[in-house]
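Subject: Structure for you to look at

Hello,

Here is the structure I said I would pass on. Please open it next to this message and follow along.

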Amino acid sequence: MQLLSVITVALAAPASAMLRFSCSQLVVDRIDPLVNPGVAPSPHMHQLVGGNALNVTMDPSLDLPTQASCTSCLYTEDFSNYWTAVLYFKARNGTYKRVPTFANQYLEPANGGITVYYIAPYDNKGKVTAFKKGFRMLVGDPTRRSDKGDGDSRMLSFRCWGKDFASEPGMPGGGADTKALPPKPCHGGVRANHFFPTCWDGVNLDSPDHRSHVAYPESGSFESGGPCPASHPVHIPQILYEVAWDTRAFNDPNDWPEDGSQPFVFSMGDPTGYGTHADYVFGWKDDALQRAMDAYCGVNCVQLKTQSPQAANRCTLGQKVAEPIDAWLTELPGGMPVTTSE
Ligand SMILES: *[C@@H]1O[C@H](CO)[C@@H](O)[C@H](O)[C@H]1NC(C)=O
Ligand SMILES: *[C@@H]1O[C@H](CO)[C@@H](O)[C@H](O)[C@H]1NC(C)=O
């Protein structure tokens, strides 16, 4: 299945099963309410989107729709929070500059941020159980620096865009997508793809590692209707984050390392890309997400209330850890060391 054709179908036929929408940048901040609650600054920098009830500590008992007064997502019943690491360009003189995000394909004029998908079963077959209040999870491991050939390796990848979003066809992770950061300049930017696990144990809203309560299908894939393992029998929507990194200002070969390596490094000190990861804190109002999944919503989901991209862009938050985000930095935020081994 080709992503482009899926999106084209989604645009033409709102009943397609891929709910896809932009969540503009809420804040770039050194916090991580899932992995490091109460810790400010957290070890590495994140870019976070969604409802403005985001905080250093987010007790699972909080009802985010009643705590937040706005969301940076297009769907106004979605006060969830979504975040990833931040990408930096390392110049030849050793200083770092944050790579901005830009509006993803078909989603202008979003102010960067993250494109979020909630995918019901393909071909509108079968049902998924939407997440419950207090649910959270993550995918990926910030300490990873190599391809382990496991579920996470299949789920996390990068697409090297040519001009105007041109790329090889294929699902995110398919086509010419790479598991490491692209080794060559990408003239239209780099898209990072993060698919979350799609099977849940049906009991725990979270787990100590924020992963054990969810799992990948036992065989096959979500797309192929693969069965969930007996330990995690409940099919949940497939969440995908796409981050469109605007690397276009950093494509001059004269600025790239003289040893032929690529110059980008993630905020957790990862110059490989294998440590890419994504975090999710559920915060939809009432049963809005379940309604959208049951209706196999695509873009323009009539079951959900929307706001304009301009209104979504206006929902922003101040940093909890005040530090410059767009200056040239002599080290990664927090002095995070760059490491190529685990
Ligand atoms: C974040 O938490 C602090 C400390 O508990 C609190 O004072 C503040 O109001 C919270 N901010 C938001 C946006 O909920
Ligand atoms: C380092 O290089 C970048 C990119 O060429 C430049 O903008 C910056 O001013 C340089 N910083 C120093 C301290 O030379």
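Below are some notes on the aromatic rings in it.

Please keep in mind that this is a predicted model. As a general point, a pair of aromatic rings is described by how far apart the centres are and by the angle of the planes. The structure holds 26 aromatic pairs. I will go through two of them.

Start with Phe196 and Tyr241, which form a tilted pair, with 4.9 Å centre to centre and 55 degrees between the planes. Phe196 sits in the loop between strand S10 (190-195) and strand S11 (199-200), while Tyr241 belongs to strand S14 (residues 238-245), so this pair ties together parts that are 45 residues apart in sequence.

Next, look at Phe250 and Phe264. Their pair is edge-to-face, with 6.2 Å centre to centre and 80 degrees between the planes. Phe250 is found in the loop between S14 and strand S15 (264-266), and Phe264 is in strand S15. The two residues are 14 apart, and the pair links distant parts of the chain. Phe250 counts as buried because its relative accessibility is 8%, under the 20% limit. Phe264, at 6%, counts as buried too.

Finally, ring pairs also join residues into a cluster, whose members are Phe21, Tyr75, Tyr82, Tyr118, Phe131, Phe135, Phe196, Trp200, Tyr241, Tyr280, Phe282 and Trp284. Phe196 and Tyr241 from above are among them.

Regards

Methods:
Residues are numbered from 1 along each chain as its sequence is written. Chains are lettered from A and ligands numbered from 1 in the order in which they are written. This is a predicted model: local features need pLDDT of at least 70, side-chain atom pairs count only at pLDDT 80 or more; totals for chains, interfaces and linings use all residues. Side-chain values use heavy atoms; hydrogens and water are left out. Rings of Phe, Tyr and Trp (its six-membered ring) pair if their centres lie within 6.5 Å; planes under 30 degrees apart count as stacked, over 60 as edge-to-face and the rest as tilted. Helices (H or I, at least four residues) and strands (E, at least two) are DSSP runs, numbered from the N terminus. Buried means under 20% relative accessible area, exposed over 50%, partly exposed in between (1.4 Å probe, protein chains only).
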